[in-house]
Amino acid sequence: MSQKSSNQKKGQSSSGGQKGKRKERYLLTGCIALFIALFSLLFGKELPGGVKGLFYSFLEGEESFRDTGGDELTVTYLDVGQADCTVLQCGGYTMMIDGGGRGTAEEVIEAAKGLGIEKLDYVVATHSHEDHIGGLPKVIRAFPVGTVVYRKEDNDSKIYGDFNDAVKESGAKIIVPKPGVSFEFGNALVEIYAPQEMEYNNTNNYSVALCITFGKRKFFFSGDAEEESEEQMLGLSTLPDVDVFQAGHHGSSTSNTEAFLKAIDPAYAVISCGEDNKYGHPHSEVIARYQDMDMQIYRTDTMGVITIKTDGESLDIHTQRK
């Protein structure tokens with residue numbers, strides 16, 4: 001059985017319309033654009049092209065968004081037990097964020113092939129824990145890989161060594177993740193928010209956190225980033241409002257802080273976790289926090305593979321089982 005949802009982002013169908021924070025941000029942007037436009041008129045200066053776009057967008061009452069080029073973005077959250085693996089497809093381009101554990105590597109490869117994937121333009125290894133990179137050595141050796149996004153860590157585990165060997169053998173380009181780094185993924189934009197350029201005592205805080213923008217829709221991934229990393233991202237003052245958030249650290253209470261969730265304000269949470277896992281993920285206090293924020297919750301342990309498709313406007317959500 002499958003379940004389909006085509007819900008709009010929360011708040012859009014209510015009389016309040018867009019959320020207050022987004023309104024404030026948009027109003028501020030419009031005021032700045034108007035100020036620069038008036039300055040230009042007074043002093044006879046040409047209005048910069050980028051400001052022109054903001055100015056006319058403000059006059060039309062619309063927020064600017066990325067041109068999708070008529071493409072569609074598909075985000076598939078694979079059911080890999082107590083691990084993470086997400087496959088993204090956008091206009092012929094492909095990306096994999098983490099690769100599950102060693103025990104599900106073959107399943108991940110077959111699932112990717114089942115989605116029609118013959119190459120991976122990007123592989124993102126959020127951090128060096130086995131449940132995130134354990135399947136990647138086999139995946140990287142199974143498909144041509146263009147670019148790998150990861151930060152090298154001081155980890156002498158066998159699986160991490162195998163992962164590094166596979167990356168080297170692939171000849172892929174390396175992008176070192178840090179705040180401010182961005183790149184194109186088809187007609188989508190990938191922006192990195194973590195990790196900071198520092199050493200952590202907790203490996204989870206090395207996790208790559210990124211936002212993918214396609215049209216008006218935004219998807220956020222933060223691996224196992226915990227409270228320390230979330231606080232650092234809050235300090236950047238550039239966190240976006242997002243539509244879909246992959247729950248931090250499989251829904252652990254060590255992540256998913258109230259301040260961070262309020263900052264990104266998702267409409268949907270997707271939790272990748274194993275059935276009856278020994279960690280008790282997702283933690284009950286996190287689920288309660290999501291519910292208090294009126295987020296719709298999707299879980300791989302109860303729903304199987306979760307697929308979200310968007311044309312940049314609407315979201316269609318399918319689950320493998322009810």
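Reply: We may begin with burial: Cys90 is buried, with a relative accessible area of 0%, where buried means under 20% relative accessible area, exposed over 50% and partly exposed in between, for a 1.4 Å probe and protein chains only. Cys85 also counts as buried, at 2% relative accessibility. This is a predicted model, in which local features need pLDDT of at least 70 and side-chain atom pairs count only at pLDDT 80 or more, while totals for chains, interfaces and linings use all residues. Residues are numbered from 1 along each chain as its sequence is written, and side-chain values use heavy atoms, with hydrogens and water left out.

Me: How many disulfides does the structure hold?

Reply: A disulfide is a pair of cysteine sulfur atoms within 2.5 Å. The structure holds zero of them.

Me: How is a cavity read, and how many cavities of 30 Å³ or more are there?

Reply: Rolling a probe the size of a water molecule over the atoms shows where empty space is left. A cavity is a set of points, on a 1 Å grid over the protein atoms alone, where a 1.4 Å probe fits but cannot get out; lining residues have an atom within 4 Å of a point. Grid points are joined across faces, edges and corners, and a volume is the space filled by probe spheres set on the points. Here there are two cavities of 30 Å³ or more.

Me: Which residues line the largest cavity?

Reply: Its lining consists of Asp84, Thr86, Ile97, Asp98, Thr126, Phe221, Ser222, Gly223 and Gln246, around a volume of about 50 Å³. By class, the lining has two nonpolar, five polar and two charged residues; Ala, Val, Leu, Ile, Met, Phe, Trp, Tyr, Cys and Pro count as nonpolar, Asp, Glu, Lys and Arg as charged, and the others, Gly among them, as polar. The second largest cavity has a volume of about 30 Å³, and its lining includes His127, Arg151 and Glu153. That lining divides into five nonpolar, two polar and two charged residues.

Me: What is the strand order of the open sheet?

Reply: The seven strands of this open sheet follow the order 8-9-10-11-12-13-14, with mixed pairing. Strand 8 (182-185) and strand 14 (296-299) each have a single partner strand, so one side of each is left without a neighbour in the sheet.

Me: Why is strand 15 described as largely enclosed?

Reply: Strand 15 (residues 306-310) is largely enclosed by the rest of the structure because four of its five residues are buried. Strand 2 (residues 73-77) pairs with strand 15 in the antiparallel sense over five bridges, and Thr74 has Lys309 as its bridge partner. Five bridges also join strand 15 to strand 16 (residues 315-319), again antiparallel. These two strands form a hairpin with four residues between them, and Gly312 in the turn has a positive phi of about 100°.

Notes: 1 Å grid on protein atoms, 1.4 Å probe; cavity = no way out; pocket = protein on both sides within 12 Å on 5 of 7 lines; lining within 4 Å. Pairing = 2+ DSSP bridges.
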